[in-house]
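Subject: Structure handover

Hello,

Here is the structure I promised to pass on. Please open it next to this email and follow along.

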Number of protein chains: 2
Amino acid sequence: MPNAPKTVTLVEVAKRAGVHVSTASRALSSSASGISASTVHRIRGLAEEMGYEPDPAAAALRTGRSGVLGVLVPLLSDYVLARIYEGVDATALASGYNTFVSNTKDNPVLRKERLNELLARRVEGIVLGDARLDGDEVVEILKRKRVPYVLVNRRLRGHPSVTTDDVQGGRLAAAHLLELGHDNIGIVAGPSYASTCVERTHGFVSQYLAAGLSIPDHQILESGADAVAGYRAGSTLLERSPNITAIFAINDSAAIGVMGAIREHGRTPGRDVAVVGYNDIPLATYLPVPLTTVRSSMFEMGREGMSMLLNLIEGKPAPPKLLPPVLMARASSGSNATGGR
Amino acid sequence: MPNAPKTVTLVEVAKRAGVHVSTASRALSSSASGISASTVHRIRGLAEEMGYEPDPAAAALRTGRSGVLGVLVPLLSDYVLARIYEGVDATALASGYNTFVSNTKDNPVLRKERLNELLARRVEGIVLGDARLDGDEVVEILKRKRVPYVLVNRRLRGHPSVTTDDVQGGRLAAAHLLELGHDNIGIVAGPSYASTCVERTHGFVSQYLAAGLSIPDHQILESGADAVAGYRAGSTLLERSPNITAIFAINDSAAIGVMGAIREHGRTPGRDVAVVGYNDIPLATYLPVPLTTVRSSMFEMGREGMSMLLNLIEGKPAPPKLLPPVLMARASSGSNATGGR
DNA sequence: GACTTTTATGCAATCCTTTGCAATAACGTT
DNA sequence: AACGTTATTGCAAAGGATTGCATAAAAGTC
């Protein structure tokens with residue numbers, strides 16, 4: 001290597017300071033215990049001046065701590081997950097950790113592959129954004145191997161998690177549509193392996209039941225979670241039951257797809273058919289027909305999830321946490337825009 | 001530590017195989033040179049069976065290669081950047097690398113901080129998604145320190161990059177609106193430090209000039225790059241010049257904001273005012289008024305950018321690369337939907 | 001002032017792989 | 001049969017930081 005970057009090592013700093021490496025090491029450690037204030041000051045100054053940066057590989061090798069955490073998400077190009085990850089990563093960085101994030105596309109095979117890559121990298125813990133209700137091998141492996149982990153976005157009974165109170169969110173959406181007098185509802189329910197979708201749908205349905213109204217099974221459509229899926233499910237619903245007056249979609253992307261379907265059926269979202277989404281992605285307000293939706297705190301969820309993981313790593317307990325959702329009423333449900341932007 | 005995860009080390013594999021660690025190491029390396037086929041087979045089998053995974057820290061310490069690359073982007077929760085990153089990361093994974101990705105929010109101070117974190121982590125190269133035209137300290141540092149890097153999304157003269165041909169993209173948008181007879185145009189031009197925005201605008205304007213039409217300066221608005229910014233700039237344009245018949249926005253998020261502004265001014269996007277965006281994010285087709293836009297290959301850009309970085313790391317040359325944009329005509333420009341979905 | 005306690009620093013081992021060099025064994029050649 | 005090759009494997013050092021233990025110096029005690 002002709003142009004080796006030649007980084008400064010601790011020995012060089014120590015040599016220059018006229019002390020032993022061990023002294024230099026201690027002086028630079030956060031709890032510079034047993035080192036006189038003057039040498040601490042001197043060495044830190046010298047290290048700074050020489051541009052010394054500890055070699056993470058050497059430190060990891062010695063301490064067994066990689067300083068790296070893993071994050072698995074279904075899809076990072078989904079705003080919701082990206083935003084959660086931003087919260088996760090910001091918090092990790094603030095605590096001196098870095099994160100590896102990987103897409104799993106909700107594919108069980110890919111999930112295990114990605115998990116193994118993370119474990120091979122010796123991550124100290126994992127934030128899991130794609131937990132599955134239908135027998136989640138990944139969480140089982142994590143539990144068995146005693147790797148600290150926290151679920152975000154989706155949750156599983158008996159595992160540490162930070163999620164939105166999705167049952168409550170579903171109820172909010174239902175209460176809103178009930179208040180507007182809708183009694184013939186379609187639901188784009190998303191995939192059945194995602195707790196988010198199941199709980200939102202359940203909350204919605206139970207609120208209607210509480211009002212003495214039931215939603216027929218053929219008007220609750222399992223689906224994907226993106227705009228295309230929303231479009232397809234929306235089309236099916238409108239064809240199957242043309243007299244539906246409102247559609248609840250388990251997230252905003254699907255809701256946007258639903259609006260597209262409504263338009264293609266020659267109707268107008270918000271006037272002819274009410275649409276309610278979930279998450280309140282930033283675009284929601286700015287859509288030609290602003291979207292009524294249930295706001296969830298994505299960034300905060302990531303932040304809290306990472307905090308919980310850091311606690312777990314330190315051996316502290318981590319009770320599951322629910323974040324409260326808020327209804328944002330806008331034009332797509334034909335309501336007077338209470339939520340505003 | 002009562003519950004140390006006790007990972008299997010190479011010594012244990014070697015001991016169990018009855019060979020020296022060095023033999024085991026060589027047997028497991030991809031080019032198992034100088035080791036008999038039989039022992040290679042035996043040791044690999046044993047390693048697999050024992051669940052051996054090499055310690056990346058130890059390997060990195062010895063070889064000086066961390067196996068990690070860095071990625072800096074303005075904002076990962078922006079679909080465009082997330083999608084580019086997915087391409088980057090997928091390609092890195094396929095080559096045995098992992099990536100650290102960080103948001104810089106287009107903030108110069110944050111950029112330097114994030115860069116230093118990546119360098120402290122000993123990344124072997126960096127993909128930069130947020131290069132700035134107004135004197136980019138980060139690329140200068142990378143160049144000076146001889147850290148391999150590739151620009152994606154935005155480019156800078158004289159630096160390796162993979163970007164969309166944004167001038168051409170701007171031309172396509174302009175040609176489309178010219179064809180539809182629009183001669184009074186507003187432009188939501190985005191930030192002036194981003195080559196994407198500058199080049200798209202320049203391409204657009206030059207195409208109009210070529211057609212003998214000029215666009216007045218006060219109808220070209222510098223702005224942010226998200227929906228809010230698009231909304232604000234759109235509002236300003238519509239108030240300033242009510243007789244504008246078409247607006248070109250430098251990306252789809254801004255375009256969606258513009259459509260919101262148009263609607264709030266009591267007009268209908270696509271009928272009263274044509275809107276053209278850029279990138280063709282998946283939502284674009286499914287909007288209540290489907291968005292005419294210039295498609296760019298985001299995933300591919302990430303993939304190509306990472307390939308180029310890997311080449312650079314191996315010392316191969318890396319000429320800048322331009323990807324061709326494609327116009328997707330939809331309802332927001334009032335055109336008969338040629339582009340389809 | 002002799003002795004204990006505290007404070008500050010040095011010593012050396014350790015973490016796990018990788019790799020240049022040495023050594024041995026197997027093979028072929030004339 | 002003696003010797004040069006080639007094929008395998010072992011040896012040991014290196015890479016950079018951390019940390020328990022030991023030592024030396026300083027401070028404190030009666």
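Start at B:Val71. Leaving out residues up to four places away in sequence, B:Val71 touches B:Tyr85, B:Val88, B:Thr99, B:Phe100, B:Val101, B:Ser102, B:Leu118 and B:Val127. B:Val71 sits in strand β1 of chain B, residues 68-73. Its relative accessible area is 2%, so B:Val71 is buried. The cut-off for buried is under 20%.

Keep in mind that this is a predicted model.

Now the two chains. A rotation of 180° superposes chain A on chain B, with 0.0 Å of shift along the axis and an RMSD of 0.1 Å. That is how a two-fold axis relates two copies. Which residue of chain A comes closest to the rotation axis? It is A:Ala57, with its C-alpha at 2.2 Å. The chains also share an interface. Of the interface residues of chain A, 98% are interface residues in chain B too, so the copies meet through the same surface.

Next, a pair of helices in chain A. Helix α5 covers residues 79-94, and helix α13 covers residues 298-313. Their axes come within 7 Å and cross at roughly 45°. α5(A) and α13(A) are therefore oblique to each other. The crossing of α5(A) and α13(A) is right-handed. By class, their contact has eleven nonpolar, four polar and three charged residues. From α5(A), the residues in contact include A:Tyr79, A:Ile84 and A:Val88. From α13(A), they include A:Phe299, A:Met306 and A:Leu310.

Look at chain B for its own α5 and α13. Here, too, the axes come within 7 Å and cross at roughly 45°. α5(B) and α13(B) are therefore oblique to each other. Their crossing is right-handed. Among the residues that make the contact are B:Arg83 and B:Glu86 of α5(B), and B:Arg303 of α13(B). The contact of α5(B) with α13(B) divides into eleven nonpolar, four polar and three charged residues.

Go back to chain A and find A:Thr163. A:Thr163 belongs to strand β5, residues 161-164. Is A:Thr163 buried or exposed? Its relative accessible area is 1%, so A:Thr163 is buried. Setting aside neighbours within four places in sequence, A:Thr163 is in contact with A:Val152, A:Asn153, A:Arg154, A:Arg155, A:Met301, A:Lys321, A:Leu322 and A:Leu323. One name there, A:Met301, also belongs to the α13(A) side of the helix contact.

Another name there, A:Asn153, deserves a stop. A:Asn153 is in the loop between β4 (149-152) and β5 of chain A. With a relative accessibility of 9%, A:Asn153 counts as buried. Now check its backbone. Most residues other than glycine have a negative phi. The phi of A:Asn153 is positive, near 70°, and A:Asn153 is not a glycine.

B:Arg146 has a positive phi of about 60°, although it is not a glycine. Where is B:Arg146 found? B:Arg146 is in the loop between α7 (137-144) and β4 (149-152) of chain B. The relative accessible area of B:Arg146 is 58%, so B:Arg146 is exposed. The cut-off for exposed is over 50%.

Over to you.

Best wishes

Note on methods:
Residues are numbered from 1 along each chain as its sequence is written. Chains are lettered from A and ligands numbered from 1 in the order in which they are written. This is a predicted model: local features need pLDDT of at least 70, side-chain atom pairs count only at pLDDT 80 or more; totals for chains, interfaces and linings use all residues. Side-chain values use heavy atoms; hydrogens and water are left out. Copies are superposed by least squares on the C-alpha atoms of residues with pLDDT of at least 70 in both. Contact means heavy atoms within 4.5 Å. Axes are lines fitted to C-alpha atoms, for helices over the stretch in contact, and angles run from 0 to 180 degrees between N-to-C directions. Helices (H or I, at least four residues) and strands (E, at least two) are DSSP runs, numbered from the N terminus. Angles under 35 degrees count as roughly parallel, over 145 as roughly antiparallel, 65 to 115 as roughly perpendicular and the rest as oblique. A crossing is left-handed if the near helix is turned anticlockwise from the far one by less than a right angle, and right-handed if clockwise. Ala, Val, Leu, Ile, Met, Phe, Trp, Tyr, Cys and Pro count as nonpolar, Asp, Glu, Lys and Arg as charged, and the others, Gly among them, as polar. Buried means under 20% relative accessible area, exposed over 50%, partly exposed in between (1.4 Å probe, protein chains only).
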